[in-house]
Amino acid sequence: MIYAAATHPVRVGNLVIGGNHPVVIQSMTNTDTLDTTATVAQCQRLFDAGCQMVRITAPGLKEARNLEDIKNQLQQKGYTGPLVADIHFLPEAALIAASVVEKIRINPGNYCDRNRGKTEFSQAEQAAERERIAERLSPLVEVCRQHGTAIRVGVNQGSLSERLVSLYGNTPRAMVESALEFIGIFEKLRFDQLVISMKSSRVQLMDQATRMLWDRMRQNGKTYPLHIGVTEAGDGEDARIISAIGIGSLLTDGIGHTIRVSLTEAPENEVPVAQSIVKAAEYLQQMPETERDALAIRYDAQEKTLAEAKDGAEQDETRGADIAKEKVFARILTAVRWGRLMLRGQKEGFRIEGVLFSEDEKKQLIDDIFHAAGLRSHKTRFIACPSCGRTKYDIQSVLAQVKARFPDYPNLTLAVMGCIVNGPGEMADADYGYIGCGNGQVNLYRKGKLVKSHIPEDKALDELEALLSLGEGS
Ligand code: SF4
């Protein structure tokens with residue numbers, strides 16, 4: 001079993017996060033929360049795939065109210081895994097949801113206030129804002145206490161409050177201070193059923209912020225369980241590798257108690273990736289340190305496999321499937337192992353040996369790991385949110401089109417985001433952003449600023465290309 005450093009335990013329905021309990025795998029639906037049938041069906045698929053806890057967005061009061069129907073239908077079908085409500089901007093929705101689901105996720109950057117472009121805060125203004133946060137959290141704590149509901153304080157680098165950015169910049173330190181401020185307020189309200197997360201689409205920032213928070217909590221004498229994930233990872237192999245680096249590095253070091261891999265794909269695809277990352281971290285924890293930190297890895301399974309495969313076509317087919325599975329796991333394991341070293345400053349000298357991978361595959365894998373770790377840029381960096389009930393267009397197919405059309409812009413980050421509410425903030429460090437805003441229309445952004453709005457979807461890629469050809473922001 002994977003070792004995760006012990007923390008204060010947090011009960012979430014029939015699970016416990018932290019304490020000495022195993023790492024919990026979770027995911028999130030991307031259906032419309034008001035579409036009960038579709039949301040229940042997606043939750044079922046997730047639980048069937050091995051997901052242990054499912055998050056559902058509650059952007060408004062109607063969605064928050066509908067969580068009860070969703071939960072009842074799941075229970076009638078025998079699905080008793082905990083549900084989590086995702087709240088942004090609307091404390092009233094949290095109050096409704098907290099009496100229904102087992103956990104609430106709030107974002108300190110937008111639970112109480114929207115950012116308004118303010119860059120300076122006097123001490124009195126800062127104190128007044130902290131006071132207002134405490135006032136807004138107090139009723140939520142009462143409902144959570146009454147119903148045994150846990151809370152995740154989900155800090156996101158892309159949506160920090162401007163007050164904290166004015167004090168610390170948009171940095172890992174600001175993320176940590178944001179979490180500690182909310183923890184302090186909850187502790188004053190004598191509420192400790194908290195899970196904390198530090199997310200960013202930049203794996204280094206997420207890693208630094210999480211380790212800094214972990215150290216600060218230990219210094220303060222109380223550690224809360226950590227939810228680990230790399231946000232806006234996108235889809236396909238790159239998303240799997242960046243998730244393996246970010247999540248796996250921390251898990252290998254015993255940091256992390258629940259994880260979510262965010263993919264812009266069917267949510268159930270996230271579960272086997274998360275399971276492989278946990279398995280890889282567990283495997284690495286058991287290795288002697290010198291072996292774990294070696295710069296060369298040998299994968300030789302294929303030699304044995306090919307010899308055995310000579311016995312017949314059927315066996316050949318079975319072994320072929322086994323080889324494919326071995327390769328998938330070997331990619332994740334390599335990304336976790338080397339990504340962890342890269343995040344600690346090792347920047348070259350990596351080598352893959354053996355015959356499991358062809359020479360081209362070895363080169364590709366090494367390039368992909370360097371790219372995901374942000375150390376080498378040989379192609380466009382894409383970020384994309386996993387989408388959720390707020391998304392009003394087919395983000396998966398748009399992301400595929402954007403990737404196919406603009407593959408070769410090294411040092412450029414292109415974002416495809418699911419909604420105009422959270423998307424602009426969370427892709428703020430991207431050079432260009434594409435957000436479908438519903439009704440077949442698209443908004444385009446440069447460096448976080450809206451530059452074209454309400455473009456018909458069939459013209460959006462041409463407009464994006466025209467912006468790129470201007471070369472600004474790259
Ligand atoms: S940015 Fe994406 S995942 Fe985040 S709230 Fe909007 S649609 Fe949902």
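Select cysteine 388: at 13% relative accessibility it counts as buried (under 20% relative accessible area; exposed is over 50%, partly exposed in between; 1.4 Å probe, protein chains only). The model is predicted, so local features need pLDDT of at least 70 and side-chain atom pairs count only at pLDDT 80 or more, while totals for chains, interfaces and linings use all residues. Residues are numbered from 1 along each chain as its sequence is written, and side-chain values use heavy atoms, with hydrogens and water left out.

Serine 387 has a positive phi of about 75° although it is not a glycine, and it is buried at a relative accessible area of 9%.

Now show the open sheet of five strands, ordered β13-β14-β15-β16-β17 with mixed pairing (two strands pair if DSSP finds at least two bridges between them). β13 (381-384) and β17 (449-456) stand at the edges with a single partner strand each, so one side of each has no neighbour in the sheet. From one strand to the next the twist averages 20° (axes are lines fitted to C-alpha atoms, for helices over the stretch in contact; angles run from 0 to 180 degrees between N-to-C directions).

Within the sheet, select β15 (residues 432-438) and β16 (residues 441-446), which pair in the antiparallel sense over six bridges. Glycine 433 stands opposite tyrosine 445 in β16. In the loop between β15 and β16 is asparagine 439, with a positive phi of about 55° although it is not a glycine; at 78% relative accessibility it counts as exposed.

Helix α14 (residues 395-405) lies across β13, β14 (413-417) and β15, at about 160° to β14. Helix α16 (residues 457-470) packs on the sheet and touches β14, β15, β16 and β17; its direction makes about 145° with that of β17.

Move to the largest nonpolar core, of 108 residues (buried Ala, Val, Leu, Ile, Met, Phe, Trp, Tyr and Cys residues joined through side-chain atoms within 4.5 Å). Ile87, Ile106, Phe186 and Ile196 have the most contacts inside this core. Its largest share, 10 residues, comes from helix α12 (residues 313-343).

Centre on phenylalanine 186. Leaving aside neighbours within four places in sequence, its contacts (heavy atoms within 4.5 Å) are Ile106, Leu137, Val141, Ile151, Val153, Phe191 and Leu194. A second, separate core of 29 residues includes Phe382, Ile383, Ala384 and Ile395.

Notes:
Helix = DSSP H or I, 4+ residues; strand = E, 2+ residues; numbered from the N terminus.
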